[in-house]
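Hi,

Here is the structure I promised to pass on. Please open it alongside this message, and my notes follow below.

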Amino acid sequence: MADDSRRDEPEVTERGVSRVHEDPSAPVADAFAEVAEEQLEAPGLEPEQEILTLNMGPHHPATHGVLRLVVTLQGERVIDLKPIVGYVHTGIEKSCEDKSYWKVIPFVERMDYLAYFFNIEAFCGCVERLLELEIPPRAQYLRVIHMELNRIHSHLVGLGTTALDLGAISMFWYCFRERDQILDMFEMSGGQRMHTRYFQVGGVFEDIPVGFEQKLRQFCAVMPSRLDQYEALLDRNEIFLRRTKDVGVVSRERLLELGVTGPLLRAAGEPWDLRKSPGYLSYGDFDFKIPVGTVGDGYDRYRVRIAEMRESVRIIQQAIDGLPEGPWIADDRKYVLPPRDELSTSMEALIHHFKLVTEGFRVPPGELYYSVEGPRGELGCFVLADGSSKPARVHFRDAAFVNLQAFRDMCVGGLIADLIQNLGMLDPNLGGIDR
Amino acid sequence: MPDAPGLELIAQGIDDGRTGTIIETSVEHGAATLIIDPEGVLHALRWLRDTEGQGYRFLSSLHAADYLPHTPRFAVHYELLCRERVERIHVKALLEDPAAGNRSNGVAQTPGTPGSEAEDAPGDAGLPSIDSCVSLFPTAEFQEREAYDFFGIVFRGHPDLRRILMPEDYVGWPLRRDFPIGGEPVLFTHNEIETPRWFE
């Protein structure tokens with residue numbers, strides 16, 4: 001089901017431990033380690049006396065949000081780590097239970113605020129399956145285009161901020177330059193730059209406007225060369241290589257045990273991508289590959305994300321070339337708002353409009369878990385419908401929330417500087433983790 | 001998902017190992033569901049994970065839900081995935097609410113209401129409980145903590161069962177259906193005098 005050609009057996013190194021001695025960028029750490037070892041051997045000193053427990057965050061620029069890490073250090077070496085989350089918990093899942101289905105969409109968008117189209121797709125897809133509502137092919141293609149743009153956008157932010165943490169500030173500006181173009185396109189189609197509420201139950205809110213296609217093609221033509229530029233900046237950058245190579249390696253089996261999905265798992269050599277699973281939007285129509293890494297270190301994670309952006313550009317190009325004509329939203333008046341022009345002529349349309357806007361549509365009792373491949377991995381949504389116009393339970397399985405469990409395995413035994421790199425390559429989004 | 005006969009075979013296989021584990025099977029909206037006895041959850045999950053030809057080795061999601069006013073009230077959902085065949089199976093363990101009848105559990109308490117300490121008593125008496133599956137699927141650790149945090153479902157044998165998203169000293173189980181929305185007094189400077197014992 002996937003591209004196996006690049007897949008080698010991953011070499012699992014001792015989580016950066018052996019690396020330190022050959023790394024000239026960490027002489028201080030070596031000195032500390034030696035001192036620590038000497039002191040440990042000295043009589044009358046307990047090992048606990050060398051251990052320092054440090055609180056990183058919640059307000060720390062390198063934690064990409066409000067993540068608190070309780071780190072236990074011996075010298076500069078991390079010997080234990082506990083992530084503590086919940087600082088931006090806003091009870092979105094609870095709030096959703098008090099909103100009719102179409103009003104839930106703006107809430108769930110704001111969970112993982114870098115992957116908003118994926119959040120809506122998970123929710124809308126779930127409700128559509130509960131309603132057994134078919135969405136037209138044009139809507140599927142438009143969803144694919146927006147989700148892939150969103151994936152590029154999310155990877156760009158992740159890459160830019162990670163590179164910033166590693167000392168490459170220019171990457172940040174370049175990444176945000178391309179991100180801005182994507183946001184411009186979202187503004188054209190949905191009216192807002194972020195949290196556009198563009199996807200609806202049944203399709204998309206509106207057809208893409210005039211000029212969108214041209215701008216999209218322009219972007220697709222430029223983006224690969226921009227990616228070349230990023231690679232020219234980072235691929236053989238000595239600082240970047242030393243900070244990322246062989247750091248934070250976790251074996252593929254352990255990642256699978258911990259439920260890690262997305263680029264982290266693919267970097268470890270596992271070609272697992274839900275986009276290749278059958279019947280998920282119209283991804284079957286497109287020719288794309290699943291990039292995988294070999295070692296699973298920070299460098300592979302970076303390479304996988306860059307390669308994914310290239311594949312996303314290819315998907316967008318194919319989708320815009322093959323964009324089918326036709327309606328962009330399902331024609332079921334029980335669930336979908338009638339066209340605006342019908343309201344002044346058709347009594348029935350007016351009634352439907354009134355019912356949909358005031359009460360919202362009702363979903364027959366049932367429950368379903370539906371998942372999409374988000375930029376951070378499997379983004380799942382569970383909706384429990386009790387027959388009313390409000391969901392009885394909305395649960396999001398956020399990929400970053402589950403992936404964060406692997407963070408301890410990545411960091412223990414490494415240096416505290418590697419912790420920053422690992423966190424950047426983990427690419428968590430605290431809005432999604434805390435919901 | 002496995003088709004309907006396949007699902008029956010799975011149910012039969014699980015039930016052979018421990019009679020009475022499977023309560024019901026259903027196929028709805030393209031998802032196969034096994035409703036199981038909560039006491040047999042580890043048996044069912046282990047069977048699905050380790051049996052030759054099944055291979056549901058990936059737990060993609062674990063979440064809880066509150067079905068008030070139905071009984072049994074709670075359910076823990078396990079979304080298992082076989083990555084080789086890209087097949088999902090949904091396992092649902094229904095849990096009775098031991099505190100049914102003497103309702104005060106889970107209702108929002110204003111901070112400092114007398115008696116709130118008694119309900120937050122250690123030992124989690126009066127809470128529904130189920131075996132933790134962390135030993136089978138280490139990925140469940142955070143998700144079981146989340147279910148405990150929001151619904152007060154105790155996972156027996158969990159290595160570190162604490163609240164994860166809500167504050168540690170929080171009282172009540174916020175995602176239960178009888179927990180009111182807006183029940184949390186928000187502290188501002190203009191109401192800090194009226195909000196009783198806000199400083200505790």
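Predicted model: local features only at pLDDT ≥ 70, side-chain atom pairs only at ≥ 80, totals over all residues.

**Chain B: a helix and the strands around it**

I started with helix α2 of chain B, which spans residues 41-50. Its buried residues are B:Val41, B:Ala44, B:Leu45, B:Trp47 and B:Leu48. They lie on the same side of α2(B), because they cover an arc of only 160° around the axis.

Of its 9 residues, 8 are buried, so β4(B) is largely enclosed by the rest of the structure. Strand β3 of chain B (residues 58-66) runs antiparallel to β4(B), and 8 bridges join the two. In β4(B), B:Leu80 is the residue opposite B:Leu59. β4(B) also pairs with β5(B), again in the antiparallel sense, over 9 bridges; here B:Cys82 faces B:Glu87 of β5(B).

**Two cis bonds in one loop**

The loop between β3 and β4 of chain B holds B:Pro69 and also B:Pro72. The peptide bond from B:Leu68 to B:Pro69 is cis, with omega near 5°. The bond joining B:Thr71 and B:Pro72 is cis as well, with omega about -10°. I flag these because most residues other than glycine have a negative phi, and most peptide bonds are trans.

**Chain A**

Chain A has 435 residues, and 49% of them count as buried. It contains 16 helices and 8 strands.

Two of its loop residues have a positive phi without being glycine. Phi is near 55° for A:Glu132, which sits in the loop between α4 (116-131) and α5 (137-165) of chain A. Phi is near 50° for A:His195, found in the loop between α6 (169-190) and β4 (199-200) of chain A.

Are these two residues exposed or partly exposed? A:Glu132 is exposed, as 10 other C-beta atoms lie within 10 Å. A:His195 counts as partly exposed, with 18 C-beta neighbours inside 10 Å.

Happy browsing, and best wishes

Definitions and conventions
Residues numbered from 1 in each chain as written. Chains lettered and ligands numbered in written order. Buried ≥ 20, exposed ≤ 12 C-beta atoms within 10 Å, placed from the backbone. Helix = DSSP H or I, 4+ residues; strand = E, 2+ residues; numbered from the N terminus. Arc of directions from axis to C-beta. Pairing = 2+ DSSP bridges.
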